[in-house]
Amino acid sequence: MTATRPTTTPQAATAADGPRRHVPFDRLHNFRDLGGYRTAGGRTVAWGRLYRADSLGKLRGADWERFLGLGVRTVVDLRYPWEIEAKGRIPEPDRFTYANHSIEHRPYDQSAIAPDIDPWRYLADRFAEVAEDGAAEIRQVLELLAEGPGPAVFHCTSGKDRTGLIAALVLTLLEVPEEQILADFALTELATARLLADWHEANPGRTMRWPSYGRAPATVMSLTLADLATRHGSPAAYLADRVGITPHTTRLLRERLLVP
């Protein structure tokens with residue numbers, strides 16, 4: 001089935017954000033600063049206060065030193081405990097306020113998805129499952145990002161799906177317009193080739209069935225936000241009514257992350 005073309009290109013988002021968005025590492029491919037986005041009220045998300053990433057278990061050597069230089073104090077790992085056991089957590093977790101909140105409850109293997117499935121609708125349906133199943137964990141993540149010491153980073157394995165959903169929800173609470181939320185999600189497309197190469201290196205002898213592995217077009221997040229609006233009235237209503245985010249948490253998050 002032919003996939004819907006993304007409505008926002010990662011190249012366009014990168015050009016608008018400048019070089020501060022992507023933090024370069026040798027082993028990590030999708031480490032990004034969430035700063036620079038403008039809110040509906042005219043404020044800006046501060047640079048250097050909140051990051052999104054692929055697995056921090058890959059940090060070592062020069063990458064580790066570069067990471068420490070960012071001054072991160074809070075680390076939220078969104079992976080399953082068995083993923084952490086297999087792939088490792090951030091080095092020296094006791095240096096940080098570290099928490100593992102596994103927001104996904106129904107594991108699936110993206111590499112094994114049938115190639116004729118509509119990939120963007122399929123991923124949006126998985127995001128819908130996470131949004132409902134993982135509401136309690138999502139609340140814990142957002143509360144920690146609001147109340148824990150900063151700067152902070154949250155991550156999963158590829159920094160794509162679980163991380164992408166949390167990023168979208170954080171930006172929603174900050175009242176960043178949907179166009180920018182979609183653009184942020186789509187920036188993972190710039191890392192797709194390296195994510196795919198990592199998979200092949202880690203899975204010798206296996207065949208990649210799904211041609212959309214590692215993709216993250218804006219269409220997926222557009223469908224996800226529309227689904228939340230259909231079920232709950234709006235993404236903001238989902239966060240308040242289903243997840244249980246209080247005005248106090250929202251205020252703390254905005255005080256921490258927004259500048260005039």
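Reader: What classes of residue line the second largest pocket?
Author: Its lining divides into 9 nonpolar, 2 polar and 3 charged residues. Ala, Val, Leu, Ile, Met, Phe, Trp, Tyr, Cys and Pro count as nonpolar, Asp, Glu, Lys and Arg as charged, and the others, Gly among them, as polar. This is a predicted model, where local features need pLDDT of at least 70, side-chain atom pairs count only at pLDDT 80 or more, and totals for chains, interfaces and linings use all residues. Residues are numbered from 1 along each chain as its sequence is written, and side-chain values use heavy atoms, leaving out hydrogens and water.

Reader: What volume does the second largest pocket have?
Author: About 210 Å³. On a 1 Å grid over the protein atoms alone, a pocket is an open set of points where a 1.4 Å probe fits, with protein on both sides within 12 Å along at least five of seven lines; lining residues have an atom within 4 Å of a point. The volume is the space filled by probe spheres set on the points, which are joined across faces, edges and corners.

Reader: Which residues of α8 are buried?
Author: T192, L195 and W199. Buried means under 20% relative accessible area and exposed over 50%, with partly exposed in between (1.4 Å probe, protein chains only). The buried residues of α8 fall within an arc of 65° seen down its axis, so they line one face of the helix. The arc is that of the directions from the helix axis to the C-beta atoms. On the other side of α8, A193 and E201 are exposed.

Reader: New topic: is R79 buried or exposed?
Author: R79 is buried, at 1% relative accessibility. R79 is found in the loop between β4 (74-77) and α3.

Reader: What polar contact does its side chain make with S55?
Author: One of 3.3 Å, with the side chain of S55. Another, of 2.8 Å, joins the side chains of R79 and D77. A polar contact is a pair of N or O atoms within 3.5 Å; within protein, one must be able to donate a hydrogen and the other to accept it, and residues adjacent in sequence count only if both atoms are side-chain atoms.

Terms used
Helices (H or I, at least four residues) and strands (E, at least two) are DSSP runs, numbered from the N terminus.
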